[in-house]
Amino acid sequence: MRRAVALRFQAALGTAAIAAAIGVVLPAIQASAAAGSATGYATSNGGTTGGAGGQTVRATTGTAIHAALCSRASSSTPITIQVEGTINHGNTSKVSGTSCNTADGLIELKQISNVTIIGVGNGAVFDQLGIHIREASNIIIQNVTVRNVKKSGSPISNGGDAISMESGVRNIWVDHVTLEASGGESEGFDGLFDMKDNTQYVTLSYSILRNSGRGGLIGSSESDLSNGFITFHHNLYENIDSRTPLLRGGIAHIYNNSYVNLHESGINSRAGGRAKVENNYFKDSKDVLGAFYTSEAGYWQVGGNIFDNVTWSSPGSENNPAGPNPVSNTSVSIPYSYSLDGAGCVPAIVGQTAGANKGLQVSNGNCTPQTPTPTTPTPSATPTPSTTPTSGGTNLSIGAGSDGSSKADGTSYGNVRDGNLSTYWSPVGSTGDISIKWSSAKTVSRIIIREASGSAGAIGSWQVTNGGTGAVLASGSGAGAITFAPTSLSKITFKITGSTGTPRVAEFETYAG
């Protein structure tokens, strides 16, 4: 990041406190759930409930957080950790145990599930200390501040990311947090909210991301296309250079966010990524939507956004701004229900609700703050990180049969049900059909079509039909999650009737609900 970035940031790093006192972990009789419940894509794939139904403990140091994780009966035993005070390098050490895998110098949520971390009392501040989620599932992080995490200089933590996720991560809800830095890469900082290496079903809501060179990314490179199904809503991005977010492949739903002073670019959809961008407010910014710094473009569906004093660059070989008059170039189907605030009131409602220590208020769907009723949802089965994520129960395609129209050389019908995103079926030409079949009837109401790496966005129009009767169950365009009325059938067919290039179906997942 250029040195000029630092001159835009006025916040100075304070000296990290070095108090070594270890916070007390206090068991509670009854579990305390996070306020409200998950929204967006975090509600898919069985839902995100965090530590609901488990013990509640209190921690005032990073070591105490690790100790709470390690004290559980197993790595999936539900737990809610209430955090208060400043968490820093001086009070965060590795703790060992059979139910955890922690490390010094960062909060490590690795190879675990069913955890809530929530700031309470006078607030929780992770000072120069990042939160790293790896090979984990069903995690809630709520009402905390993470600031000034560095990848170079001293002290360093979490590769310079405030919150990062990687390696088979599933079902994460990050809500009412404040993520901030004091400069860009040249000052030692990296991203505020990064997802890579097969991270899926994540929601970031009612949060503040500010004073950083990089807001965050989905996919670490043009070949890291296994991430997606991410929701961003009611967040404030302020004084950011770029990546709000950077999307490489996958699907993102971006609505009711407020963007102020984006200096270089904003929502950057690349490598076949598909973003639904609706009812956001962009102000005093540049190139807030498009495909930037790449020749591998992505796609967007837009509606209801307000562009207030936004400037746009001229198109070039590696820059494809969506403006000055953004129009949709794809269609994205959203599988969950949500309420849209009008874009005109987004700066006000986000200003009242977003960030830590705001009382966990949310919008009522009509631009008015309200305090959600605390909920204690029933935990679903623990999602298991894998290369083939499921949604809403068991993937009925595993162990089934498959057939279809003529297949291209080197591809196989069976590749769409092998749980491997790197193998695929491809038709001869730009259209064709692929089917899943069973020896006895199954009730199916939802499918997910996943495209192979490098071909995201190729599938255009399609129909889903009952393979036995030929009845059309659903029609639309673009890969992803598709729902329809529950139907008993022994064969279901996905017919590709239009595409851009050669479609490649990596997985054809089928679900009862």
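Predicted model: local features only at pLDDT ≥ 70, side-chain atom pairs only at ≥ 80, totals over all residues.

Q: Is Thr43 buried, partly exposed or exposed?

A: Buried means under 20% relative accessible area, exposed over 50%, and partly exposed in between (1.4 Å probe, protein chains only). Thr43 has 37% relative accessibility, so Thr43 counts as partly exposed.

Q: Which residues is Thr43 in contact with, leaving aside its neighbours within four places in sequence?

A: Contact means heavy atoms within 4.5 Å. With those neighbours left out, Thr43 is in contact with Ala38 and Tyr336.

Q: How many aromatic pairs does a search of the whole structure find?

A: Rings of Phe, Tyr and Trp (its six-membered ring) pair if their centres lie within 6.5 Å; planes under 30 degrees apart count as stacked, over 60 as edge-to-face and the rest as tilted. The search finds 12 aromatic pairs. In one of these, Tyr255 and Tyr338, the ring centres are 5.0 Å apart and the planes stand at 40°, so the pair is tilted. This pair links distant parts of the chain, 83 residues apart: Tyr255 is in strand β18 (residues 251–255), and Tyr338 is in the loop between β26 (319–321) and α3 (346–353). Tyr255 is buried at 4% relative accessibility, while Tyr338 is partly exposed at 27%.

Q: Why is the pair of Phe282 and Phe307 stacked?

A: The planes of Phe282 and Phe307 are at 5° and the ring centres 5.2 Å apart, so the pair counts as stacked. Phe282 belongs to strand β22 (residues 281–286) and Phe307 to strand β25 (residues 306–311), distant parts of the chain 25 residues apart. Phe282 is buried at 1% relative accessible area; Phe307, at 32%, is partly exposed.

Q: Which residues form one aromatic cluster with Tyr255 and Tyr338?

A: The cluster also holds Tyr41, Tyr201, Phe229 and Tyr336.

Q: Where is Tyr259 found, and what is Tyr259 in contact with?

A: Tyr259 is in strand β19 (residues 258–262) and is buried, with a relative accessible area of 0%. Beyond four places in sequence, its contacts include Tyr237, Ile267, Tyr281 and Phe282. The C-alpha atoms of Tyr259 and Tyr281 are separated by 6.1 Å, the two residues being 22 apart along the chain.

Q: Which residues of α3 are buried, and where do they lie around the helix?

A: They are Val346, Ile349, Val350 and Thr353. Seen down the axis of α3, the buried residues fall within an arc of 100° (taken from the directions from the helix axis to the C-beta atoms), so they line one face of the helix. They pack against β16 (236–242), β19, β22, β27 (362–363) and β28 (369–370). One of them, Thr353, is at 0% relative accessibility; leaving aside neighbours within four places in sequence, its contacts include His176, Tyr206, Val362 and Pro369. Just after α3, Gly355 takes a positive phi of about 105°.

Q: Which residues touch the most other members of the largest nonpolar core?

A: A nonpolar core is a set of buried Ala, Val, Leu, Ile, Met, Phe, Trp, Tyr and Cys residues joined through side-chain atoms within 4.5 Å. The largest has 67 residues, of which Ile81, Leu109, Phe126, Ile133, Phe193 and Phe232 touch the most other members. Helix α2 (residues 62–70) gives the most to this core, with 5 residues. Another core, of 23 residues, lies apart from it, with Val444, Ile449, Val464 and Leu489 among them.

Definitions and conventions: Residues numbered from 1 in each chain as written. Heavy atoms only, no water. Helix = DSSP H or I, 4+ residues; strand = E, 2+ residues; numbered from the N terminus.
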